[in-house]
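Please read it alongside the sequence and the model.

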Amino acid sequence: MSNSLEPKKSGAAKDINDVSFVEVEQPGPASLGKQSLGFWVTFKSMFKKNLSVQYPDVKAPTEERFHGRHQLNRHPDGLEKCIGCELCAWACPADAIYVEGGNNTPGNQVSPGERHGAVYQINYLRCIFCGLCVEACPTRALTMTNEYELADSSREKLIFEKEDLLAPLRAGMVMPPHPMYPGMDENNYYRGEVKAADPSQGPILGSAGEAK
Amino acid sequence: MIIQTPEAVMFWILAPIAVLSALGMLLVKKAVHSALLLAWVMITLAIFYIAQDALFLGIVQIVVYTGAVMMLFLFILMLVGVDSSDSLKETIKGLRPIAITAAIGFGGLMVSLIGRATLGRTPVGLAQANADGNVQGLARLLFSDYVWPFEVVSALLITAALGAMVLAHHQRTVARPTQRESAIARFRTGSLASAAGLPGPGVFARHNAVDVPALLPDGTPAPTSISATLKARGDMLESAQFQLDVVDTTVVEEK
Amino acid sequence: MNPYNYLYVSALLFTIGAIGVVVRRNAIVVFMCVELMLNAANLAFVTFSRINGTLDGQVTAFFTMVVAACEVVVGLAIIVTIYRSRRSASVDDASLLKR
Amino acid sequence: MTTAQLLGQDPGWLIAVKAVLVFAICVVSTLMAVWTERRVLAKMQQRTGPNRVGPFGLLQSLSDGVKLALKEDIIPAAADKVVFIAAPIIAAAMCFMSFAVIPMTGVVNLFGHTTAMQLTDLPVGVLYILAVTSIGVYGVVLAGWSSGSTYPLLGGLRSSAQVISYEVAMGLSLVAVFIYAGSMSTSDIVASQHGHIWNAVVLFPSFVIYVISMVGETNRAPFDLAEAEGELVGGFHTEYSSLKFALFFLAEYVNIIAVSALATTLFLGGYHAFPGLGFTESWLGGWFVIVWFFLKVNIFFFIFMWLRASLPRLRYDQFMKFGWKVLIPASLLWIMIVASLRVIQQNGASRTVALAFALGIVVIVMAISSLFEKSKNESRKPLPAGEAPDFPLPQLPGVSSFSASTQSHTSGGTNE
């Protein structure tokens, strides 16, 4: 392939066969008594408490930082945080994320600023749950939940669309698309200065999830 | 012989089967099938022995012949003859008709001789000889009248076992290379490109089976990526058909 | 039942084995035919033992088995050795000493 | 009246009933064995094991069997069809046959007939079992060959070589039992142990060799090289599916129960009660002893599971070396000792002479083994200090200074 890879044969270099080779002594087998201690270990553990979890009946809580299904977050007023920058898709080592950005128009403001993610797909057959996408996301739109029950019956069902990934609307939010908070621009949104939705943005959802 | 004894029923069922299996052993093409049919013949013979008051011999027949000898045959067949199919073509001209004629003559002669010959007495049966038990009777004979042949035969058995070991032993003419030596040899011989190991088989995402050679960057199949056995057997797929089409890399302006 | 019937079976099996030794070309199959002949002889021995009312025939058959086992062990070792050098288990290929 | 004569009086229908009973016992105990093994193995690994199908998961193996039967039956294109189908049948049928000579009870009353729970009693019963298992190997070899693929062929060759080699050791370990019992009939061997010390104690080396070789014979962990998953996929049954695979599965477990039952018969006094509990043998008209029989069989089965939970798989060459170079010579030596002792006893020598002979042999064996031990120690010299490569190692908590050479210096000498 390339001759530059061949070893350089300068005079100072030692031949590998001249390098002394210290034969390190290997530990021999342990005595029969010591070996049979292993039987006692297995016998003893018959009377120990089981570590099994009866999974479908009992669901053990995961660790807090468990890498589960992704979630696309929202600003407090309901606008999506995702700006369709595709940084997550670029960061993905498994090539599992597909993003198409779209322009925000005055009549169709989905996220603060100019752009939003129009198409957002994660292929969970490819995803390795490494979390690099989360680290790449500039707006903290993409985070990971603790949900791990992702099995399904067909390949298509495991490609999650934007609707499947979006965080649910909570009370006090407004169903996008809707205009930005009056007097705020995307920088205010980014700094977290928008704390709640304004009635001028649209009907605010109540605690039951219905528009007031 | 109007009232059929259980032995007669057994005989008239098993004897034709035994003869037919022996014939089948002669005629089938695959050596493994021959061995199986022969094993079956030996089992029927063991049943014949047991029916003839030779219980110990019948069991030993199964242990020795079916269990050891035929198993050895099967073993050798698998080691030697799995890929060599046996041809039934005759190599010496006219051998087969002559052999069959001679054998039929010989067999006919023997059968007719047995039919005519009288051994001078009616069958005695082994009821008396087996009075203390068949095993005990045999043991008494083996360790008294036949003790010399018994010792000779055991010496023969040991000699045969040693002889087989000597014949099958494979002397190593060159010492087996150590891990260090083979590691050095890998870097010393050929180019360093192959030092890291051979390329794995399969064309990524299109076909990843072991019978598809990997593609080199220039699109030619890598010959070292699949097993030589698969290549020799012809069980190898063309990897070019799994190559990606040329990807259009020109950027189209979005409207 | 008349024990002579076993002798007929024995004669038939012996004949079949003899044909096989002459006709078949695969050394292993030839060997199996030899085993069949030995077995046929054994059956005759056991039957004679019954006809005569003594166990000597069975002892002889016992010795035959041991000898047959020895024969198989050495014979198969030879076949393996031939196969190693000739890559073939056919008896025709083992006649090279002649030419 | 001996058991053989007793069984000789059985009418035909009783033999048929007993055959069905033995078959049913085999199948049911296989189902139970699979469940027991999975549960016990799980306990040894601090898991629960199957517990969802039926109470305590008892019906798990039954549902597995139904599932296997309903699966698609695949015959590979390269397979030799007749042999491929015949192989599992041979394997399964042969291990059932070995149960015919196992005595499970003494004299009992079955449907108004005085008989024993044993199908038949042969004067060469134990040899019969060896013969039947040697035919059973055909199932394995033919399955490997007829699949027409490489892994099964290698697996079949491996397991047949293994079974044949360990059958030699097993047969040799049985010889001492024959010498002591003076018979090869299973019921006679059981009778010879009744009222005496069990063969497991008297012939302890034979017992150990038998237990080791029975594990090798049944292709079980740590000797399960025939189906070494990491090397050979599934071994000889790689290409099998559905009912044919179920037959192999059945054969494996019936085989385990059969060798355990044989071990019980030969070494643990068969169906007789444990020492001191002899009064239980008359309970339920003699049927109660079947509890003792299965208790003893389960002791062996537990050993199987325990071995599987504790030991890693052996390497193939080490395994064969162990069989041919350790087990077989050891059992040959032991047979010679047993035979000499027997001759000394039968020639009317006193107990002290026999004891002295046995002691002498023990001393000789210990002397030889200590010589070996000494030469082994001499060949292992500790590495001289300073020659080992010295390189810094990460700090350990609570250890002030730590280097590679000091570590190898201290551990080299003590030979841990």
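1. At 35% relative accessibility, E147(A) counts as partly exposed, where buried means under 20% relative accessible area, exposed over 50% and partly exposed in between, with a 1.4 Å probe and protein chains only. The model is predicted, so local features need pLDDT of at least 70 and side-chain atom pairs count only at pLDDT 80 or more, while totals for chains, interfaces and linings use all residues. Residues are numbered from 1 along each chain as its sequence is written, chains are lettered from A and ligands numbered from 1 in the order in which they are written, and side-chain values use heavy atoms, with hydrogens and water left out.

2. The side chain of E147(A) forms a salt bridge with that of R69(A), at 3.0 Å from N to O; the term stands for a side-chain nitrogen of Lys or Arg within 4 Å of a carboxyl oxygen of Asp or Glu. R69(A) lies in the loop between α1 and β1 of chain A and E147(A) in the loop between β4 (142–144) and β5 (159–160), so the pair ties together parts that are 78 residues apart in sequence. Helices (H or I, at least four residues) and strands (E, at least two) are DSSP runs, numbered from the N terminus. R69(A) is buried, with a relative accessible area of 12%.

3. Which chains does the salt bridge between E7(B) and R50(C) join? The distance is 2.9 Å, N to O. E7(B) belongs to helix α1 (residues 6–27) of chain B and R50(C) to helix α2 (residues 27–52) of chain C, so the pair joins these two chains. Both residues, E7(B) and R50(C), are buried.

4. In chain D, salt bridges with shared partners link E37(D), R220(D), E252(D) and R308(D) into one network. Over all chains the count comes to 16 salt bridges.

5. R52(D) and D57(A) also meet through their side chains in a salt bridge (3.0 Å, N to O). R52(D) is in the loop between α2 and α3 (60–70) of chain D, and D57(A) is in the loop between α1 (32–45) and β1 (70–72) of chain A, so this pair joins two chains. R52(D) is exposed at 51% relative accessibility, and D57(A) is exposed at 54%.

6. V28(D), M32(D), F56(D), L58(D), L59(D) and L62(D) make up a nonpolar surface patch with about 540 Å² of accessible area together. M32(D) sits in helix α2 (residues 12–44) of chain D and is partly exposed at 33%. Patches take residues with over 30% relative accessible area and no salt bridge, joining like charges within 9 Å and nonpolar side chains (Val, Leu, Ile, Met, Phe, Trp, Tyr) within 5 Å. Accessible areas come from the Shrake-Rupley method with a 1.4 Å probe, and for residues only the protein chains shown count as cover.
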